[in-house]
Amino acid sequence: MRIGIPRALQYFQYFPLWTTFLRELGFETVVSPVTNKQILNWGIAHSVDGACLPLKTYLGHVRALVESGIQLIFVPQIISVARLEYLCPNSMGLPDIVNKQVPPSVTLVSPVINGKKGTKALVQSYLRFGLEFGSKREVQSALERAFQAQRRYDESLYIEPNSVPLERLNILLIGQRYLVDDPFISIDIKKRLESAGVNVFTAAQVSEKDIMKASSILPKRMFWTSGRNAVGALEHLWENLDGIVTLAAFACGADSLVGELIDRKARLGNLPNLMINLDEHTGEVGMITRLEAFLDLLERRRLHESDLSSHGKHIHTH
Amino acid sequence: MKVTFPHMGNIYIPIESLVQGMGHDVVVPPMDTKRTLDLGTKYSPDTTCLPFKIIVGNLIEGIDLGADCVLMAGGTGPCRLGYYGEVHKGILEDLGKKVEFITIEPPRGNNPNFWPQLGKLFEKTNLKRFAGGCLLAWAKLNACEELELLALVVRPREREFGSTSRLLKQAFQQIKKAQSLSAVGKFREESVHAVKGLMSTSEKEKVLRVGLVGEIYTVLEPFVNLQIEERLGYLGVEVYRTISLVDWVKNHIFKQGIGLRIDQALRRSAAGYLRGFVGGHGLETVARTVDLAEKDYAGAIHILPMTCMPEIVAQAILPQISEDKHIPVLSLVVDEHTGEAGFQTRLEAFVDLLHRRERCRILG
């Protein structure tokens, strides 16, 4: 059986787990193409105005799978992936949002993934889903391999912050995985920074353990996993950074508040922060100009030993 | 301490009694105005939702009137309301306003300051005094809500234009001032009687009935929803408000407090459309819209703040309910740029549509 996976939202985080698990269960996995203009347009046509860009893209990817004749689509309802945390309301209502947008001939495969009570419950969610397709022993070993693939992938990204060359600018690119890793909707910002000779850090390069430790500086525990990652990564890498680029999806509730926490921290710590809001109207040229201006500022700050203010105030009073 | 808190409809009336029961002075911030909104918009992050911004405005205005402590509601997600407090705190701090910031939320081990703060809140009171405050607050909440709901029935049938709202305003002031349960009871009874007397014909007269669903703050705060209930009333529409604070307290504090589940009925109603909680009032919106259709309401109006995540999930699902259950649904998104004229035009057009539909139905 062929099963389609939309290349959007949590796919960017969990593709090793999902593809391995589904394949082990006997499916042939088909991932939708990398986001393009057509996919985005489809997504916009299928969404309510107020939805965030990543959700619109997701619906476009679902359409792309439908157009290519896929009959089964993997649209999990992810409530939580970590104890006491949530992803976001859209992710909790995802199958119900998608359901109305696909023709009746298409079936959604929508396991409930809920790790709000902890990792054990998370694993149980996958196990329960797998049992529909195989015996307990088979599913358990499939799941083991799937989690192993995920772990291998996650660990392959981790880096030692001090191992990067000192003479280059170090920037932390903050943002949901599905923004940072999607070259189309993020206007390829990561590549653009890298080709400008900047060393780009992302939250994915910091291990879960370090993130947990670093994010405990928050007086109230963050209940969005993405927000916890952002705050934790910033705290962990703080000493190595010349600046921050924060990507946010317009209309994302989590991004709007986490963005403010990050911006405030940067402001108080005198670290330049470029905040970029992404929606379907974001233009490439304007983005390039902003990035160039930001990098110029960072270069000058380096030359002048941080003598330049990061947030518009004059440091020199004479 | 001198305590201030954000507005949401008439909730300041019971909250005042509650906080007095804790032995503190109360600074009720000025009712929401353009100034509140301007202050809030100025000092809030751009992309956050309207309730966040107006609450910032409330808190600044309250602190400027002398409050030294802020009381806020918190939460455990995924709606961003749960993290409002943490960001509000930073904004007030950056403005140089030194206040105690207390967030009331379910104690789920995610906020280490919870118990010490609660201690501070209760250090000046004793059980008897606090219980008295609670009872008074509960009586006031019930009285206010009864009058508000009654007004929704009376307004489309009032003899003299605007008389219901005028009378209501006085009644709320009397209830606010009342210091004993018996006084609240007396004002409640008198006002109910007086409001009923404003009706021209009997309650039975058929008018269009429309349900109001959506995000709790936008449904309950007239400044944010541009007095939608009054506007509809003047268009001859009886509004049914699907969100009740009295029920909210009963469900979330009384029932959930002793560990009962509260979302079964909602899940039942929403079955086939939404499978469960999505934060905020998303599930309520979907479930209540189904209920409205089944109870034969002429239409449903869905009101939400721009970028409200749970309501966007609901908004994506409502067209399907509308189609399946034959109920017209109007989604109204509000933010700081919402214009009055455009809002009114949309309401009028919607009501016209409902009237036509009714006529066609009667004529077969």
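Buried area is the accessible area, taken with a 1.4 Å probe, that two parts lose on being put together, summed over both. Keep that in mind as we start where the two chains meet. This is a predicted model, in which local features need pLDDT of at least 70 and side-chain atom pairs count only at pLDDT 80 or more, while totals for chains, interfaces and linings use all residues. Residues are numbered from 1 along each chain as its sequence is written, chains are lettered from A and ligands numbered from 1 in the order in which they are written, and side-chain values use heavy atoms, with hydrogens and water left out.

Chain B and chain A bury about 3,500 Å² between them, and carbon and sulfur atoms give 64% of that. On the chain B side, B:Tyr83, B:Arg275 and B:Met309 lose the most area to chain A, together 22% of what that side buries. Counting contact as heavy atoms within 4.5 Å, 40 residues from chain B and 35 residues from chain A take part.

Now for the polar side of this interface. It has 12 residue pairs in polar contact, both residues at pLDDT 80 or more (a pair of N or O atoms within 3.5 Å; within protein, one must be able to donate a hydrogen and the other to accept it, and residues adjacent in sequence count only if both atoms are side-chain atoms). Helix H4 (81-94) and helix H14 (309-325) of chain B each supply at least two residues of the side that touches chain A; helices here are DSSP runs (H or I, at least four residues), as are strands (E, at least two), numbered from the N terminus. H4(B) gives the most to that side, with 9 residues.

There are also 5 salt bridges across the interface, each a side-chain nitrogen of Lys or Arg within 4 Å of a carboxyl oxygen of Asp or Glu. One pairs A:Arg267 with B:Asp94, whose closest N and O atoms are 2.9 Å apart. These two residues belong to a network of salt bridges that links A:Asp263, A:Arg264, A:Arg267, B:Glu93 and B:Asp94.

The whole structure has 32 salt bridges over all chains. In one of them, A:Lys265 meets A:Glu235, with the closest N and O atoms 3.1 Å apart. This pair links distant parts of the chain, since A:Lys265 sits in helix H12 (residues 253-268) and A:Glu235 in helix H11 (residues 225-237), both of chain A, 30 residues apart. A:Lys265 is partly exposed at 30% relative accessible area, and A:Glu235 is partly exposed at 25% (buried means under 20%, exposed over 50%, partly exposed in between, with a 1.4 Å probe and protein chains only). Over in chain B, B:Glu238 and B:Arg157 form a salt bridge at 3.0 Å, N to O, and both residues are buried.

Next, the inside. A nonpolar core is a set of buried Ala, Val, Leu, Ile, Met, Phe, Trp, Tyr and Cys residues joined through side-chain atoms within 4.5 Å. The largest has 169 residues, and A:Trp18, A:Phe21 and B:Ile301 are among those with the most contacts inside it. Helix H3 (residues 50-64) of chain B gives the largest share, 8 residues. A second, separate core of 35 residues includes B:Phe130 and B:Leu168.

Finally, look at B:Leu141 in helix H6 (residues 127-154) of chain B. B:Leu141 counts as buried because its relative accessibility is 11%. Its contacts, not counting residues up to four places away in sequence, are B:Pro14, B:Leu245, B:Val246 and B:Val249. B:Pro14 is 127 residues from B:Leu141 in sequence, yet their C-alpha atoms are 5.4 Å apart.
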